[in-house]
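Please look over the model shown here before reading on. The report then goes through its surface, its spans and its charge pairs.

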Amino acid sequence: MDLVNHTRTQSFLLAGFTTTGALRPLAFLGTLCIYLLTLAGNLCIIVLVQADPRLCTPMYFFISVLSFLELWYVSTTAPTLLHTLLHGRSPISPTVCLVQLYVFHSLGMTECFLLGVMALDRYLAICRPLHYQALMSRQVQLRLAGATWVAGFSAALVPASLTATLPFCLKEVAHYFCDLAPLMRLACVDTGWHNGLHGAVIGVATGCNFVLILGLYGGILRAVLKLPSAASRAKAFSTCSSHITVVVLFYASAFTVYVGSPGSRPEGTDKRIALVYALLTPFLNPIIYTLRNKEVKEAMKRVRVRIRTMLKEA
């Protein structure tokens, strides 16, 4: 890595992935296709929820909020990934780098809180069905959704602001975007207590939400097992299966990167794992919520029929 004057860093260099020859355009085109399909898939869910009255329920409202979040989440890192795949090591200004760090972690923690709210929604729908509409009114939905964004962007202020105060003696970021661990390695000073504080903030936020989700699904499991018929139990579980899949994908990859000491992992591991939660998870979420959801597939058919009818009348 190149040495530079600390606190006067003119630019960082994003190392990205080492691709040569024919692999570089293939990696670029593959990533671009995944990125465009991610945008299209999440936009499709948002449009479906808005266009089909039968999807105007709390569950699908929160799914559309998740899709809206994923549009921004993937767009925070995909452009720099594409740039490094096409051009190799790419310069990025410290200001842009730190903004990317803050926005990425804000959206990630917002998703963490939103997954907890979605679990709460499923718990109330299954365990409190008679009071569900009153407990999860439109006003409550908006407040809960807004609270997740406020909490996420507030919690991310701590790691982002602490990182911004560090003096940097090195400039090559061993990643395809500006993340905490790679930036910590560039500092001129010992970052042990920074890493501890980052781990505490991120660990408490994600850990508490994960425990909440486990507790809510424990209540759901008890309620479902008390249902009289196998068909009713299967239907109740089906409304939770997509959410459980997304939770497992998100938390498994995020915990691997952000729980534990960054120095305990080989350099380059973080950016490979980051592809899972920063690129593949936003890509898979629309697939999970459509291919495994009968109501969404039926809504897509109804919207297609309405579009054909409108085109014929035009």
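This is a predicted model: local features need pLDDT of at least 70, side-chain atom pairs count only at pLDDT 80 or more; totals for chains, interfaces and linings use all residues.

Residues are numbered from 1 along each chain as its sequence is written, and side-chain values use heavy atoms, with hydrogens and water left out.

## Salt bridges

How many salt bridges does a search of the whole structure find? The count is three. A salt bridge here is a side-chain nitrogen of Lys or Arg within 4 Å of a carboxyl oxygen of Asp or Glu.

| Arg-302 | Asp-52 | 2.8 Å |

Take the bridge between Arg-302 and Asp-52, with its 2.8 Å contact. This pair links distant parts of the chain, 250 residues apart. Arg-302 sits in helix α11, and Asp-52 in the loop between α1 and α2 (58-87). Helices (H or I, at least four residues) and strands (E, at least two) are DSSP runs, numbered from the N terminus. Arg-302 is partly exposed, because its relative accessibility is 23%. Asp-52 has a relative accessible area of 2%, so Asp-52 is buried. The cut-offs are these: buried means under 20% relative accessible area, exposed over 50%, and partly exposed in between (1.4 Å probe, protein chains only).

Arg-89 lies in the loop between α2 and β2 (90-92) and Glu-172 in strand β3 (residues 172-173), so the pair ties together parts that are 83 residues apart in sequence. Arg-89 is partly exposed at 46% relative accessible area. Glu-172 is buried at 18%.

Asp-121 is buried, with a relative accessible area of 1%. Arg-122 is also buried, at 8%.

## Surface patches

Which residues gather in a patch of positive charge on the surface? They are Lys-294, Lys-297, Lys-301, Arg-304, Arg-308 and Lys-312. Patches are made of residues with over 30% relative accessible area and no salt bridge; like charges are joined within 9 Å, and nonpolar side chains (Val, Leu, Ile, Met, Phe, Trp, Tyr) within 5 Å. Lys and Arg count as positive and Asp and Glu as negative, while His and the chain ends are not counted. A charge is placed at NZ of Lys, CZ of Arg, CG of Asp or CD of Glu. Lys-297 belongs to helix α11 (residues 294-313). Lys-297 counts as partly exposed because its relative accessibility is 38%.

A nonpolar surface patch of about 270 Å² is formed by Val-158, Trp-193 and Leu-197. Accessible areas come from the Shrake-Rupley method with a 1.4 Å probe; for residues, only the protein chains shown count as cover. Trp-193 is found in helix α8 (residues 192-225). At 53% relative accessibility, Trp-193 counts as exposed.

## Annotated spans

An unreviewed UniProt entry carries the annotation "transmembrane region" for residues 26-49, 61-82, 102-121, 142-162, 200-225, 237-261 and 273-291. UniProt positions are given in the numbering used here, feature names are shortened, and annotations may be inferred rather than shown by experiment. In the model, residues 61-82 are 100% helix and 0% strand, with end C-alpha atoms 31 Å apart. Residues 200-225 are 100% helix and 0% strand, and their end C-alpha atoms lie 36 Å apart.

## Single residues

Ile-34 is in helix α1 (residues 23-51). Ile-34 is partly exposed at 23% relative accessibility. Its C-alpha atom is 34 Å from that of Ala-125, 91 residues away along the chain.

Arg-143 lies in helix α5 (residues 138-155). Arg-143 is exposed, with a relative accessible area of 59%. Arg-143 and Thr-31 are 112 residues apart in sequence and 35 Å apart in space, C-alpha to C-alpha.

Is Leu-186 buried or exposed? Leu-186 is buried, with a relative accessible area of 0%. Leu-186 occupies the loop between α7 (180-184) and α8.
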